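Please look over the structure before reading on.

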Amino acid sequence: MSEIFSANNRLRFIALAIALVVLVSLPFWVSGIYYINVGSQILFFAVFALGLNILVGYAGLVSLGHAGLFGISAYATAYMLQQGFGHTSAILVALVIGVASMALFAVLSLRSSGIGFIMITLALGQILWGLAYRWISVTDGDNGIPVRGRPAPFGYSLTDPVNFYYASLIVFIVAVAMVFIFVRSPFGAALMGTRDQPRRMNALGYHVWMIRFYACLFSGLLTAVSAILFVYYTNFISPQTLSLTASAEVLLMVISGGPGTLLGPIVGATLVVVIKTVVSGFIERWNFLLGAIFVAIVILVPEGIVPGSIRLWRLITRKRAAAAPTTTTTERTP
Amino acid sequence: MSRKVTRRKFMAATAAGAALATFKFPAPAIAQSAPFKLGLLTVKTGPLAQGGIQMEQGVLTYLKEKNNTFGGRKVEFFSADTGGSPAGTKTKVQELVERDKVDAILGPLAAFELLAITDYIAENKTPMLSLAGAEDITQRRPNPYFLRPSATSAQAMHPMADFAAKELKLKRIVTVSEDFAFGHEQMGGFQETFENAGGKIVAKIWPPLVTPDYTPFVAQIADCDGVCQGFAGSNPLRFMKTYASAGMKYPVVSGETGGDDALLRIMGDEFLGMYSCCPYTLDLANDSNKRFVAAMQKDYGVDPGFYAAGLYVATQVVDEGLKANGGKSDDRAALTKAMRSVKLKDTPRGDLSFDQYGNVVGDFFIRQVAKEGGKYVNKTLKTYKNVSQFWTYDEKAFLARPVYSRNYPPVKS
């Protein structure tokens, strides 16, 4: 017990509490609903990035087709609502379809790993994008499907931006908690084992394929959840959401923030959404700025913003520690 | 020891932050002299950027001409780049409405962008003036805050089909257009009028918006005496090149995007003789158009096309509407009504008024591409006066039919 409440953990607990207070109180000190809406976008894109991070960061499987999966769930929601179903059934069907298509995805793409996995997911993502474009009787092609209205759970209408923000926040916190527990569970450890030493894990009696498959399902679930929030947020879905650019964008969120960390995808999602929505209003060449930032990340902190900043921080403190040799060295973990 | 200091520092910083946050910016008193806020949704990045940049130039030209003042009120202008995607359009329209609190919105460019935000605009009661196609927004699903001072997708195609059948004496036509709402609606309108005039649509070909090579689609053109193309953006250039290099000689007719004046400076000989119908023509000889063209050439060094002229006229409608409403913009419904009631004479596209759905009634010009002094020009051959979105059809009967689409009207074999 004493170890859990060590100084390091206490600091982490305080940071967590502050972050929570800031997130919950955001609508009170941010003026204007525009920035609250930006906050909602950051939250559900962070859930999407957390989902992809399960594969990219913890399983070592880079997927370039996640926007396709995202799109399936979004289209499922929109299509169900268009056919006159209620919000509950639309959301449930979208979740089931999202996870089921991820299962199908996984069965096809887990036949390989590394570059092979990237190429198969890329191809599958492009197939889904093509379907959204050309299966006109269902998706209405380029014109997209409009979604009218948002649900009102417990009498709180999500049409109100502040309510929508809190709904996204609850989903986001649940998602973060799920990933936190998942990563620290024996299963999470086994998953990271299959990432680092798949052959050794196999020799130890772990079913590597099955572990990766379950990880895919979990990733698919988070993707579907974020897609449902997205489609209710934009009230519209069209094939552009499934494009390769969208897949690359969420991958960039994960990689820039730091794959294999809990905080990384959240930081990455914040970075990309803020530049895309807020900064693009001031700078016309915002894609250029985004590119320049990624180049800077690759040069300065190639492991991602979060682990990179920790490394730089340690570098500074270690120098200080060398000056004052009383500090213990056991805190450093490999 | 050192940690305590950090925590204390942190507490101080938090307190300072909280104190700052309680200082809300005072809401500006809304007075009549407050600036009129005008927003523009356009596309400055990606494949649609060419038209999008012209849109902004059109607005800026009008604002400069009026010295940034509409009916005694200063105009504050906000421009937003949607990136040509529906999700981006949604984000940017929220920026304009929720953050910048604009009084009216110009744009967006594409029909799928408009479809993504039409409900949002109606909910937030912000007047919007767009040149995007999407027929139903002024027909079967009207939006009370919407105005279209340019044309519906099919509005220019009705007179074009009339001209093709009656003056060019064409009998059998193959249509080629992009596979999205704007293309479907253009070709639907063309087919309706052309077949009513005794012609026949032999086949309708739908290449996707992003097509690397038109050869397989051009190869399908056969058994006809004319071709109707409805491409947008820079696609007409690529299509016509492929068409000419395949040795095709059938006359080509087109709409406002297929023969846009802005394309003239990058056209080639393959365009010579092509007909197009457009709600704006560069060679219209009225004062307003001469002023507009001269200003565009002086400031940007380009000839304006449909996109620039469309937004210039849209801005003019906002100006006149605001004046007619006594410079008041608080009551958005009244402002929209005032804009819809304007009747303008001196605009770069000639006479203009609106029908009860907020769609334009105006002149449409049939032009043909020719070469004059080494330059390509669109020479106006005929002007159809006061064309409405319903053409010569009865409004009720027109609205009772389904909206023009990929399969309506069907091709008769």
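Which residue follows H2(A), and is its phi positive or negative? Gly60(A) comes directly after H2(A), and its phi is positive, near 70 degrees.

The model is predicted: local features need pLDDT of at least 70, side-chain atom pairs count only at pLDDT 80 or more, and totals for chains, interfaces and linings use all residues. Residues are numbered from 1 along each chain as its sequence is written, while chains are lettered from A and ligands numbered from 1 in the order in which they are written.

Helix H2 of chain A spans residues 33-59, 27 residues in total. Helices are DSSP runs of H or I with at least four residues, numbered from the N terminus. From first to last C-alpha H2(A) reaches 38 Å, close to the expected 39 Å (1.5 Å times one less than the number of residues). At Asn53(A) the helix bends by about 40 degrees, the angle between axes fitted to the seven residues ending there and the seven starting there.

Chain B has two domains, with bounds from an automatic or database assignment.

| Domain of chain B | Residues |
|---|---|
| domain 1 | 36-151 + 285-361 |
| domain 2 | 157-283 + 363-400 |

Their centres, taken over C-alpha atoms, are 25 Å apart. In domain 1 of chain B, 32 residues contact 24 residues of domain 2 of chain B, contact meaning C-beta atoms, placed from the backbone, within 7 Å. On the domain 1 side, H2 (49-65), H4 (111-124) and H10 (306-324) of chain B each supply at least two residues. H10(B) gives the largest share, four residues.

Technical notes: Two residues are in contact if their C-beta atoms, placed from the backbone, lie within 7 Å.
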